[in-house]
Every structure is written in structure tokens, then in C-alpha cells.
Amino acid sequence: MTHPKYDGPVIDGHCHYDATTIEHADAVAVRAGLRAAVSFWDTNWPPPGFAAEGVAWGDRAETVVRCVMPDLTDVGTAEFEARSERAIREAARLGAAGVKMWKNLGLWLTDADGHRFGVDDPRLDVIWRTAAELGLPIVIHQGDSPWFFAPLDERNPRRDELRDHPEWWYGGGDHPPLERIHEQLEATVARHPETTFVGLHFGCFMTWPEVDRMLATYPNYRVDTATTIADMGRDDAWEQVRAIIVRHADRVLFGTDLIRTAHQDLPGPDGNWRIEALDPDDPSRWQVDAWFQRHWDFFETGEPRLQHPIPDAGGWTVHGLDLPLAVLRQLYWENAVRTFRLPARLIAPSTPSRPEA
């Protein structure tokens, strides 16, 4: 796999490993040419706890740093605030790069009394306040693709994927509308200007004008690019998306959402999610060349008919963004270095990129 025009360092700011796969993480990084990867949590709920996960990992990863995933199962109890603050402070002491919040918050997660609550719940203020004090960004996934809230009819381009994974569809039952979840996210970002928030999946699947507005309005807000290329590169979107990235080049982070855990892979053998018990020693799981090549081609070329990384995310090709080299360096490298608490060994001086053509 090769970069079409960029030759500087890269940080994958959004991936998932666990104790069964971490020994392979460095090999993945070497194959992809990554300087570092930021791993959020092992995709299990409740989360295992930062220290416990660290014991399971040992010292096997040279290139991977972790974020702490707060346990929100006891929100509403007398112990929650003090316990959460202690857990985040301890994770920071052990080298946490950030604080990860998942989409269950606002969609289906309930407090100790069985009531659903959202990201704007004041009982969570301890998390935002402690993260700000420690310089940890909040990396947050709120909501999901608008198609996951839409009717499962022939007009829904993700219907086949949702039929394979019915638990990802939020158009039925008592799930709140996506617009309400986004309103809760914005209210939280606005109310905590001292806290850095990274809206994962290019702004938590907001519309392009809303992503642009959020970045323009809130200096403490960032976005990443994980698993959104299929939408970002559509014929009716790529020019808007390119303009947003160039306009806010200092606040867009590169991420792929590469998942390698005991029970989930992204990409699987066909490029889509694979959810089953998985063998960590299966060598096919570590052949990720096509995954990363499709990312490089999308951001670095202006080709009009590229394959996007996840086939199930849309049966169309995408248009490359052909970002300038200066923007690519911010996207791939500088923004992650500035946003995350990275060990010094991962941010050593690097070979400069080729001059702008």
C-alpha cells in the first residue's frame, strides 16, 4: 500500500483493540505506515476499566495509546460522581489519551432508576470538568447514520446492512430522534467551553452544514473521519466536505474505526463488519492493506470512482478529495498530536512531506 502524494507520519486516531489482539497491533501499524494508533475501548459494555484493561494488555504494544471509557451504569447513585472522577484521574496518571463516550448514551442507556438520559444530563458534568482539568479530550459518538433512523424501505440505501444487523436500526421502538441527540450534544459542547470534544464519525453524523456550523461556532469542538467516507465522497457531497476540511483544517482528525477484538472485526474478510468469536492468530485479520489504501486514495487523490472502505455502507463509488499536502499533514498527524496526550516517543521529528505541487 502506498500514499499517492503524502509521505509524512500518520496517526490513526480511532481504532479498537483488546487483550487478544494487542500483540498484533504493532505489525498492523508497520504495514500501514502508522506512527501511532489511539484505541478507544474493547467494544464490550460495561467497559472493563482502564487499569484492568492495562493489566491484560501488558507491555505488548509500542504504537498504541488508550482512551478511558467511563462506566455509566451507576448514574444516579450517590457514588457515581466521586467514583467517576477517581477513575478518570487514575487513567490519566496511567497515560490515558482521552475519554471515550459511546452512542448508547442518549439512545438506550438508563440510569440507576431505569430512566434514559442524554449527554446533556448535568450528572455527567463531573466527566467533562475532570477531563478539562487533566487536558483529556472527550472523543464522543452520539447518534448514528440518519439512514439508521429512517424507514427500512427501498429508499433506504443501508437497508441490506440493517437487515443483517437489526440492532443498529433506531427507527422503531422508543428511541429518540437523531435531531434531539444532536441538540443534546451541542448543548453540552456549548456549556463546557473549557473541554475539548471530538465529534466522531465526522461530527456524529450531522448534516454537512451543521458540521461546518459547529466547527465555526465552538473553538473547543473537533471532528474525526472514521467510517464516513461512503457518505463524504458521494457525488452530491464531496465538494462540500472538502471545503469543510480545508476551512477547518486544524480541527479534523484522521481515524478509520479499525476494530480487532475477540468478537468483532472491521473490516472483515469482505470489508464489512464481522461479529462472531474470532481467532487472534488468524493471519487474514492482519492483512489490512486494502483498508488503508482506500483511505489514502480518498483523501489524497481526485479520482471520481473510488471504492470506499465498507461495501455495506453504500453501493456506490466515491470521489476523492485531493486535499493539499499542508491539510493532509494536519489531518493525518498534527491535529492528533495536539489533541491527544501522546508519549514523546510517538511524536519525534519526522521526514517532511514533498513540496506542494
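Select Val 241 to begin; this residue sits in helix H11. Helices (H or I, at least four residues) and strands (E, at least two) are DSSP runs, numbered from the N terminus. Val 241 is buried, with a relative accessible area of 0%. Buried means under 20% relative accessible area, exposed over 50%, and partly exposed in between (1.4 Å probe, protein chains only).

This is a predicted model, where local features need pLDDT of at least 70, side-chain atom pairs count only at pLDDT 80 or more, and totals for chains, interfaces and linings use all residues. Residues are numbered from 1 along each chain as its sequence is written, and side-chain values use heavy atoms, with hydrogens and water left out.

**Around Val 241**

Show the neighbours next. Leaving aside residues up to four places away in sequence, Val 241 touches Phe 202, Trp 208, Met 232 and Leu 321. Contact means heavy atoms within 4.5 Å.

**H9 against H11**

Select helix H9 (residues 208-217) together with H11. Their axes are 10 Å apart and the packing angle is about 10°. Axes are lines fitted to C-alpha atoms, for helices over the stretch in contact, and angles run from 0 to 180 degrees between N-to-C directions. H9 and H11 are therefore roughly parallel to each other. Angles under 35 degrees count as roughly parallel, over 145 as roughly antiparallel, 65 to 115 as roughly perpendicular and the rest as oblique.

Which residues meet here, from H9 and from H11? H9 brings Trp 208, Pro 209, Val 211, Asp 212 and Leu 215. H11 brings Gln 240, Val 241, Ile 244 and Arg 247.

Step back to the loop between helix H8 (200-204) and H9, and pick Phe 205. Phe 205 has a positive phi of about 70°, although it is not a glycine. Phe 205 is buried, at a relative accessible area of 12%.

**The five-stranded sheet**

Select E4 through E8. These five strands form an open sheet in the order E4-E5-E6-E7-E8, with parallel pairing. Two strands pair if DSSP finds at least two bridges between them. The edges are strand E4 (99-101) and strand E8 (252-253), each pairing on one side only.

E4 pairs with strand E5 (residues 138-140) in the parallel sense, over three bridges. Lys 100 has Val 139 in E5 as its bridge partner.

Move to E7. E6 and E7 run parallel and share three bridges. Val 198 stands opposite Arg 222 in E7. E7 and E8 are also parallel, joined by two bridges. There, Val 223 stands opposite Val 252 in E8.

Which way do the side chains of E7 point? Tyr 221 and Val 223 point one way, Arg 222 and Asp 224 the other, and all are buried.

Continue past E8 to Asp 257, in the loop between E8 and strand E9 (258-260). Asp 257 counts as buried, at 7% relative accessibility.

**The six-stranded sheet**

Now select the other strands. Six of them form an open sheet in the order E3-E2-E1-E9-E10-E11, and the pairing is mixed. Strand E3 (64-66) and strand E11 (274-275) are the edges, each pairing on one side only.

Focus on E1. Seven of its seven residues are buried. E1 pairs with strand E2 (residues 36-39) in the parallel sense over three bridges. Ile 11 has Ala 36 in E2 as its bridge partner, and Cys 15 stands opposite Ser 39 in E2.

Two cis peptide bonds are worth a stop. One runs from Trp 45 to Pro 46, with omega near 0°; Pro 46 lies in the loop between E2 and helix H2 (50-57). Another runs from Leu 266 to Pro 267, again with omega near 0°. Look for Pro 267 in the loop between strand E10 (264-266) and E11.

**Last stop: H13**

Select helix H13 (residues 325-339). H13 has a kink of about 45° centred on Leu 331. The bend at a residue is the angle between axes fitted to the seven residues ending there and the seven starting there.

Colour the buried residues of H13, including Leu 328, Leu 331, Tyr 332 and Trp 333. What covers the buried residues of H13? The cover includes strands E1, E6, E7 and E8, with helices H11 and H12.
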